[in-house]
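Dear colleague,

Please find the structure below, handed over for your reference.

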Amino acid sequence: MSIAFYPRKGLICYGSEQAAVKAGLNYDNPGGSLVHSSFDEGHNAVRLDLDDLGGEIALLDWGYACDAEPAISPPNRNLQVEKLMNGSVNVVLLQQSMNAQTNQLSKRLTLLENNEFIEPLLDDVDDPVLADIRDIPRVCNAIQQDWRTVGLNRMTAWNLANCIRERMKGRVDGSIQSHGAQIDILVTGCEVSLWVAEQFVSDLQKSFPYLFIRAVSSNKLLGLFGQELVMPCTGFPYSQKTMDIKNSPIVMIISHSGGTFGPLACSNLLQSFSSSIFAVTSEWDTQVGKQLRSMYSDDLLSSRIFSTGVGVRPAEPCSVSVVATHQLLTNIFEHICVSIISEPTFRHVSGAVITELDLQILERCNQENIRALEEIVCVDKHGGELHERRCKTEVELRSAGDLWADHILEVPKAYIMSFIYVMATVTSG
């Protein structure tokens with residue numbers, strides 16, 4: 001549960017989805033700003049995330065004028081009362097006051113306005129599915145351009161490379177044993193994110209056959225390691241004996257929303273098994289990102305979050321979110337490969353099959369892929385319409401789709417025609 005406070009608009013939003021409370025960023029107050037000074041940073045919108053693991057209760061009271069006796073039951077009158085919304089709202093947190101390390105509310109608030117890491121919600125459109133598809137070239141190009149600059153993704157990639165090197169050093173000196181139950185890199189997710197992760201793991205395992213790389217559903221990990229009574233994975237070769245995760249494997253959590261129950265619970269569970277946990281999400285500000293940031297709160301350079309920058313996409317079919325995850329995982333794949341094959345001993349112990357020439361070809365295809373995507377959706381990487389001469393691929397795809405649709409609708413059309421024929425012959429005598 002998250003609560004957002006908008007002092008300038010006199011608005012408080014709350015919801016179980018962290019991104020939902022950002023709705024206030026997209027709308028202006030009908031009566032204008034309630035704060036005379038628009039430059040005071042103390043009036044910026046902030047968000048409070050309640051403890052989703054241990055449980056927490058928040059009391060918001062803006063109907064009592066006296067601070068001496070807030071609207072709290074007598075047994076809890078000793079709880080600390082905080083003020084937000086320019087002092088007009090009293091906030092009392094039950095769980096927060098029981099933990100001395102987090103008893104300052106100001107340290108738990110996330111700045112929503114004037115924060116470069118917070119992406120506002122997208123504007124409403126008539127056809128969100130079409131808008132997502134036409135946004136694919138721009139998103140993929142933005143990910144590639146961001147990868148070439150100094151940013152959070154590059155910082156996270158640097159930390160990932162350090163973890164890879166430490167892991168490979170352990171394999172070289174023998175401190176990390178090599179056996180069938182060993183796991184060097186564990187990738188987890190749910191549903192579509194898991195399917196994309198499985199392809200990533202397949203490519204990585206083929207490139208380094210001596211490493212032990214696994215893609216496992218988050219729900220299976222919770223069933224095996226997250227309960228006192230182990231839930232057997234019927235039909236899958238996963239058990240506590242076939243998966244040795246006690247030797248601090250490198251973990252990658254793939255979750256577009258960053259709030260799916262399985263991956264989010266794994267971000268808490270796996271902290272007791274590994275200190276090298278990374279997440280691939282749609283933006284920096286997600287629930288799983290918050291969990292990982294709490295692990296490294298004292299080290300600002302220990303970024304563990306890869307972001308596609310796609311943000312929340314309300315369209316039901318998965319399109320741009322899947323493509324963006326594929327694009328980012330391609331860059332991560334290349335970075336892992338470079339980190340391993342650049343050292344001869346790492347290359348040998350991992351049984352590296354991929355070469356520098358292979359990576360050069362892959363990177364060339366990676367960059368040329370943007371132009372191919374532009375011709376498929378008939379929109380360039382800047383969001384502009386392409387000339388008709390470059391839309392040949394889109395026209396061919398739409399024609400093939402029309403033909404496929406005719407085949408799909410052939411049976412329903414036959415039923416309708418048969419129904420009309422029977423009704424016409426019966427009623428006409």
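**Second largest pocket**

Helix 4 (191-207), strand 11 (277-281) and helix 8 (320-341) each contribute at least two residues to the lining of the second largest pocket; helices (H or I, at least four residues) and strands (E, at least two) are DSSP runs, numbered from the N terminus. The model is predicted, so to speak of local features pLDDT of at least 70 is needed, while side-chain atom pairs count only at pLDDT 80 or more, and totals for chains, interfaces and linings use all residues. Residues are numbered from 1 along each chain as its sequence is written, and side-chain values use heavy atoms, with hydrogens and water left out.

The second largest pocket holds about 700 Å³ of space. Of its 37 lining residues, H256, S257, T260, R313 and S321 are the closest to the centre. On a 1 Å grid over the protein atoms alone, a pocket is an open set of points where a 1.4 Å probe fits, with protein on both sides within 12 Å along at least five of seven lines, and lining residues have an atom within 4 Å of a point. A volume is the space filled by probe spheres set on the points, which are joined across faces, edges and corners.

By class, this lining comprises 15 nonpolar, 15 polar and seven charged residues (Ala, Val, Leu, Ile, Met, Phe, Trp, Tyr, Cys and Pro count as nonpolar, Asp, Glu, Lys and Arg as charged, and the others, Gly among them, as polar).

**Helix packing**

Helix 8 also packs against helix 10 (residues 356-377), at an angle of about 160° and with the axes 11 Å apart. Axes are lines fitted to C-alpha atoms, for helices over the stretch in contact, and angles run from 0 to 180 degrees between N-to-C directions. The two helices are therefore roughly antiparallel, a term for angles over 145 degrees.

Four strands form an open sheet in the order 2-1-3-7, with antiparallel pairing; two strands pair if DSSP finds at least two bridges between them. Its edge strands, each pairing on one side only, are strand 2 (11-15) and strand 7 (109-111). Five bridges join strand 1 (residues 2-6) to strand 2, and A4 has C13 in strand 2 as its bridge partner.

An open sheet of three strands has the order 4-6-5, also paired antiparallel. Strand 4 (58-61) and strand 5 (82-84) are its edges. Four bridges link strand 4 to strand 6 (residues 89-93), where V92 stands opposite L59.

With kind regards

Technical notes: Parallel < 35°, antiparallel > 145°, perpendicular 65-115°, else oblique.
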